[in-house]
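Thanks for coming. Please have the view open while I speak.

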Amino acid sequence: MVAGAGPAGAAAAFIAARAGLSVALIDKSEFPREKLCGGGLTDRCRSSFEAVYGRPLPDDLVLGSGKMAFFMAGSPLSRMDGRLGLTMRRAFDAHMVELAKDAGATTLFGDAVDDLHEAARVVILKSGRRLAYGHLVGADGVNSAIARKLYGASFDPAAIGFGLEVEVPRADLPNCPEDVEIDFGRADWGYGWVFPKHQSFTIGVGGVHRRNPDMKAKLAAYLTDKGLDPTRYKVKGQYLPFGRCREKPGRGRILLCGDAAGFVDPITGEGIGYAIESGAMAGAAIAAAVAAGQPGTAFARYVETTGAIRASMRQARGWRLLIFSHWAKGLFAKAFGRARVLRQGYLDIMAGVKDYDDLWGLMGAEATQALGRRLRRVLFRV
């Protein structure tokens, strides 16, 4: 059984159903449905999708952006090739649900998980319906009912992020560049974004929730700086589970993945790619455990295969201190604006080509280049 039919749940259902398991995919919403999300599709996300489904993302789901523009509180830092794709989650998620159904998963939409009896392996839905499960994948988002039943809370309020965004029709911004915009100065321990879509621009701000009690004012200021009237647009808000993933994402016959496990990069904001990866890992772990005649080993298998994701989340939390903290933010802005190697490293991490361990080497390379430039200036003056 899979609770939650977003990218993580759909991937888990697809992999498990394709392996021949009986899969029920449950979600509180009917699909297609709206979902608060910037909709950024990194190269990592594309690669994850292709690896799981054995096919590329359909072109009609993605609008490509050739450039990324970086700012600090409105001041330009740099502009460079980014190859970031943009999508509307309504269409993207519905497509993944259809792939899970085609693989053999049975869907049950419009009914949410209300209670869980772990020992009896029974889920009770809001409608009162009781469903037994062999394994349960909790992919029900940041407000996960499954995580709440396991841990008493779906997330740590001291570490949770929060984001607000609006959809701005293209007609309201006729001269807006097609660049993906990231502004590191629009929220404390976070950033603002402008993502061009087929028919709109998604504009939002997000950061650590407890550090941004005035998030609405920050979004309004961002929109005003774009020449827009903030009162004209419907604001959508959502908790963002970045910064502290669960080291043990589940227990027993229950596996948490995607946002429910906290698998969102706190620096790049990458969430969809990690959702697809972890969902597929959950489905594969269950399938392998059942095939081996050892269903009780699924969770241990899943913990092992998600080790690299959790390590990346830990590394990102450390680097976040050097990027978003008040004492380092100014230095980071100067370094990011001048250091081509550092900027490329940021994009390579988004693409899944490099990990945060590689940043130390990139910084060393940048320092060496900077020293070389300084020596050349000194010698030239002489």
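Start at strand β10, residues 136-138, and strand β17, residues 254-256: the two pair in the parallel sense, over three bridges. This is a predicted model, so please keep that in mind throughout. Within that pairing, Val137 has Leu255 of β17 as its bridge partner.

Now the sheet around them. It is an open sheet of six strands with mixed pairing, and its order reads β6-β2-β1-β10-β17-β16. The edge strands, each pairing on one side only, are β6 at 106-109 and β16 at 250-251. Strands of a sheet pair through backbone hydrogen bonds, in either the parallel or the antiparallel sense.

Which helix lies across β16 and β17? That is α7, residues 298-305, and it runs at about 20° to β17.

Back to Val137. What does Val137 contact, leaving aside its neighbours within four places in sequence? The list is Met1, Val2, Ala3, Ala12, Leu255, Cys257, Ala282 and Ile286. Val137 also belongs to the largest nonpolar core, which has 69 residues. Along with Tyr53, Met96, Val123, Leu136 and Ile276, Val137 is among the members that touch the most others there. There is a second, separate core of 28 residues, and Phe70, Ala316, Trp319 and Tyr346 are included in it.

Tyr53 is in helix α2, residues 43-53, where it is buried. Asp43, Arg44, Cys45, Ser48, Phe49 and Val52 of α2 are buried as well. Just after α2 comes Gly54, with a positive phi of about 65°.

Met96 takes us to helix α3, where it is one of the residues in contact with α1. Helix α1, residues 7-18, packs against α3, residues 89-103, at an angle of about 15°, and the axes are 8 Å apart. An angle under 35 degrees counts as roughly parallel, so α1 and α3 are roughly parallel to each other. Their crossing is left-handed. On the α1 side the contact is made by Pro7, Ala10, Ala11, Ala13, Phe14, Ala17 and Arg18. On the α3 side, besides Met96, the residues include Phe92, Val97, Leu99 and Ala103.

Last, the chain as a whole. How many helices and strands does the chain have? There are eleven helices and 17 strands. Of its 382 residues, 54% are buried. Among contacts with a separation of 6 or more, 68% are between residues 24 or more positions apart.

Key:
Residues are numbered from 1 along each chain as its sequence is written. This is a predicted model: local features need pLDDT of at least 70, side-chain atom pairs count only at pLDDT 80 or more; totals for chains, interfaces and linings use all residues. Side-chain values use heavy atoms; hydrogens and water are left out. Buried means under 20% relative accessible area, exposed over 50%, partly exposed in between (1.4 Å probe, protein chains only). Helices (H or I, at least four residues) and strands (E, at least two) are DSSP runs, numbered from the N terminus. Two strands pair if DSSP finds at least two bridges between them. Contact means heavy atoms within 4.5 Å. Axes are lines fitted to C-alpha atoms, for helices over the stretch in contact, and angles run from 0 to 180 degrees between N-to-C directions. A nonpolar core is a set of buried Ala, Val, Leu, Ile, Met, Phe, Trp, Tyr and Cys residues joined through side-chain atoms within 4.5 Å. Angles under 35 degrees count as roughly parallel, over 145 as roughly antiparallel, 65 to 115 as roughly perpendicular and the rest as oblique. A crossing is left-handed if the near helix is turned anticlockwise from the far one by less than a right angle, and right-handed if clockwise.
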